[in-house]
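Please examine the model shown below.

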Amino acid sequence: MRILPNLTKKLLLATSFATFLIHSPVAAQRPPANSSTHKTSAVASVKNPARPKLVVVLVVDQMRADYIDKFQHQWTGGLKRLVTEGAWFQDAAYPYAATETCVGHSTISTGAFPSTHGMIANEWWDRDLRKEITCTYDAAAKNIAYEAEALSAPTSPTVPAANSVPAVGGDSVARMLVPAFADELKFQSPAGTRVVTMSLKARAAIPMAGHQGDAVTWFDGVTGSWLTSNAYPKAPFVAEFVKSHPVTADYGKTWSPLLPDSAYLYQKIALGAGNPPGFGNSFPHPLHGVDGNKGPDASFYLQWATSPYAETYLAQMAEAAVEKLQLGKGPATDFLGVSFSSVDYVGHTFGPRSWEIQDELARLDRDLAAFFAHLDKHVGRGKYVVALTADHGVAPIPEDLHKTGVDAGRLNAKEVTARIEHALEILDYPKPNVTPVGGADVYFTPGTSAKLKTDSHALQAVLAAIQNAPGVAAVYQADELSDRSATLDSLRAAEAADFVKSRSGDLRVVPKPYWVWDNSVIGQPSRGGTSHGTPYYYDQRVPIILMGAGIRAGKYYESATPADIAPTLATLCGITLATRDGRTLREALNSFR
Ligand SMILES: [Zn+2]
């Protein structure tokens, strides 16, 4: 099976740790402390170990691990430097099914899996509010635009307003059930730790920052504003940066390939690709909205987010944070988290084999070269540690794969709902029986939920109706997922790793491999492109690369998950996490000197 059962994985980890102890080159090469000089330095290093002055977490949204293997010949800058100077974990993957942005960022941030940290999806049905909410929705918070007055609605571009959030509230980390690494760092360090995060997405910037962020910034794709909320202070450096770097300055630019045509793998136009309106399905891509005459509007902001210009913008905002706040120069270790969202938008649209995804990464490679040079200059080489990873991977575009003869397709969420309603309608259950949430989690309405508890015939009819839909691999009931350790079924174990009874659906639907969820209206053609969010390895496998202070470069083949990043950073910083499902990646750590 591709997904290792948890128990087996733990045994393997224990074995590899034992092997490390036996073969540890650190232990073998350490000089004997037999002179007074050695004794003095040993005591000094225990008292005052060289902790990193700055922890930098870089998340490349939707970056598949194999992009490094396939595309690194196109890189000369920061991604190349990470691969050559960093500790590269090649067998890293999330062990759970909900391979989505909020879930991944919360896992990276806390060192725990979603069944522990509670951020089980980007959105879920709130049974108390009877609304679909985003993971960062907080009725008590108010969002604040850097360019203008406060906004009243939270950022939730993927949830239609009609069935999502009330018109009040904003975004915060209130629903994350455990502290972030950044929270622990700030609480346990000497006074002075600064926590700064930024992304196009609230569900990335907020979980990374935790509760104590000093500057937590995300982008509103409707108005083109940069936002924070009253859960965090308004940071003067962000205000200054967005004022001097208006996003609208990129209006009218054209995204063309950076490299010669011969450098790109695969076909120039991927079969089944989608495209933002007005953007075209192959290079060059003009950034001028739908009709090119209206000036910057939401259609331009979507194009901008689906382009390398947004990555460059975030990298430069991160550089401004380092410079203006003097990150890495304070009395305690600082934290900087940057999540590059555009790889996700480009990947959804053009797919993992597109020229666009390759070009996006090639340009991110150049942006990160400049960013690392900036850190070298302002913090100092060897004084900061970088962790690069992704929040999830992505499936190939189904039509692109299907032409090879492999079973692949689109599982229409609305059709799954229609099948359930139809099965219950025959048994005289009045509509609606399920809440309007599309995708893997099925929530019954309260009345139907109560009735089905004593009507096994109807429940079996529902399960059969879902199971018989084309592209469905399995359907689980909530009760089957509440005890993760009790199953050796890898698919069920992955589903159980992101199950929280009060938040998860009554049923969990698992597509077949290479079938992606689709939200098109039944009977209408799909908008194309691809997606993620399943328990398959192409969605679960991501890169983990550590570089800098305390890190021993090399390729590592030990099994790892992104939940290992926070425990490893905690070890480097000399702090303790309250909960963790991950481990310290000690095979990649130098002894402190
Ligand atoms: Zn995505």
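Helix α16 comprises the 14 residues 413-426; helices here are DSSP runs of H or I with at least four residues, strands are runs of E with at least two, and both are numbered from the N terminus. The expected span of a helix is 1.5 Å times one less than its number of residues, so α16 should span 20 Å, and the 21 Å between its end C-alpha atoms agrees with this. The model is a predicted one, in which local features need pLDDT of at least 70 and side-chain atom pairs count only at pLDDT 80 or more, while totals for chains, interfaces and linings use all residues. Residues are numbered from 1 along each chain as its sequence is written.

Which residues of α16 are buried? They are Val 416, Thr 417, Ile 420, Ala 423 and Leu 424, where a residue is buried if 20 or more other C-beta atoms, placed from the backbone, lie within 10 Å of its own, exposed if 12 or fewer do, and partly exposed in between. An α-helix has 3.6 residues a turn, so residues three or four places apart point the same way. The face turned away from the buried side of α16 carries the exposed residues Glu 425 and Ile 426. After α16 comes Asp 428, with a positive phi near 65°.

The buried residues of α16 pack against β16 (441-442), α18 (456-467) and β18 (507-511), contact being defined by C-beta atoms, placed from the backbone, that lie within 7 Å. Strands β16 and β18 belong to an open, antiparallel sheet of three strands in the order β16-β18-β17; two strands pair if DSSP finds at least two bridges between them. Because β16 and β17 (472-477) stand at the edges with a single partner strand each, one side of each is left without a neighbour in the sheet. Five bridges join the antiparallel strands β17 and β18, and Ala 474 has Val 510 in β18 as its bridge partner.

Elsewhere, Ser 256 lies in the loop between β11 (254-255) and β12 (285-286). Ser 256 is exposed because 10 other C-beta atoms lie within 10 Å. Beyond its neighbours within four places in sequence, Ser 256 is in contact with Phe 283 and Pro 284. Ser 256 and Pro 284 are 28 residues apart in sequence, yet their C-alpha atoms are 4.7 Å apart in space.

Technical notes:
Two residues are in contact if their C-beta atoms, placed from the backbone, lie within 7 Å.
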